[in-house]
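Welcome! Take a moment to look over the chain below, and then let's walk through it together.

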Amino acid sequence: MEGIQLATRFISSESRRLSTTYLSEQDADIAYVLWAAALVFSMQCGFAMLECGSVRKKNTKNILVKNLMDACIGALCWWSFGYAFAYGAPAAAENGNGFIGSRYFFLADEYEKSVGDDLGYADWFFGWTFAAAATSIVSGAVAERACMGAYFGYAAVLTSFVYPVVVHW
């Protein structure tokens, strides 16, 4: 009986302590964006399984490596050029360039201080997951039809230029 009372006292004091802690609105926004990005990134697994089921058995490893490299190449290209082209400058800002962005190459140019919605790197991660998913969608169409080097070149161009220009518009 004494153990139950002690546990009840501990739980009630712990619940009072926990009721005063909360997430700020910005923290909740970041958590939600990261959660949504993780869901989008999990589409990579679905694309990989769909593509593996669509090719001959001998090409299964090739498809899985291509899907893995979509994420790796996509991360490097999105970090270096893609994010800058997509979100670098508003259409009417600076030079009035409505075609392509011109800031945040390699996430430089005081990126951390100037992100308007205060999501910081979560915003970059969210954009990268969509860029990688766009690249993976097309990989199924060229399965068993493109050599590895040509596909990686395509993935780099799509992630660093084609997709970001469309996002910027």
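Predicted model: local features only at pLDDT ≥ 70, side-chain atom pairs only at ≥ 80, totals over all residues.

Start with H5 and H6, whose axes come within 10 Å and cross at roughly 135°. Because of that angle, H5 is oblique to H6. The crossing of these two helices is right-handed.

Which residues make the contact? On the H5 side they are Gly127, Phe130, Ala131, Ala134, Thr135, Val138 and Ser139. H6 brings Tyr151, Tyr154, Ala155, Leu158, Thr159 and Tyr163.

## A nonpolar core

Next, find the largest nonpolar core, which has 10 residues in all. Among them are Ala71, Trp78, Tyr83, Leu107, Trp124 and Ala131. The elements that give two or more residues to this core are H3 and H5. In soluble globular proteins, nonpolar side chains tend to be buried together.

Leaving aside residues up to four places away in sequence, leucine 107 touches Trp79, Tyr83, Tyr121 and Trp124.

## One salt bridge

How many salt bridges does the structure hold? There is one, and it joins arginine 56 to glutamate 144, with the closest N and O atoms 3.3 Å apart. This pair links distant parts of the chain, 88 residues apart. Arginine 56 sits in the loop between helix H2 (25–54) and helix H3 (60–87), while glutamate 144 lies in the loop between helix H5 (121–141) and helix H6 (148–168).

Terms used. Residues numbered from 1 in each chain as written. Heavy atoms only, no water. Salt bridge = Lys/Arg side-chain N within 4 Å of Asp/Glu carboxyl O. Helix = DSSP H or I, 4+ residues; strand = E, 2+ residues; numbered from the N terminus. Core = buried A, V, L, I, M, F, W, Y, C linked by side-chain atoms within 4.5 Å. Buried < 20%, exposed > 50% of the residue type's maximum accessible area, 1.4 Å probe, protein only. Contact = heavy atoms within 4.5 Å. Axes fitted to C-alpha atoms, helices over the stretch in contact; angles between N-to-C directions. Parallel < 35°, antiparallel > 145°, perpendicular 65-115°, else oblique. Left-handed = near helix turned anticlockwise from the far one by under 90°.
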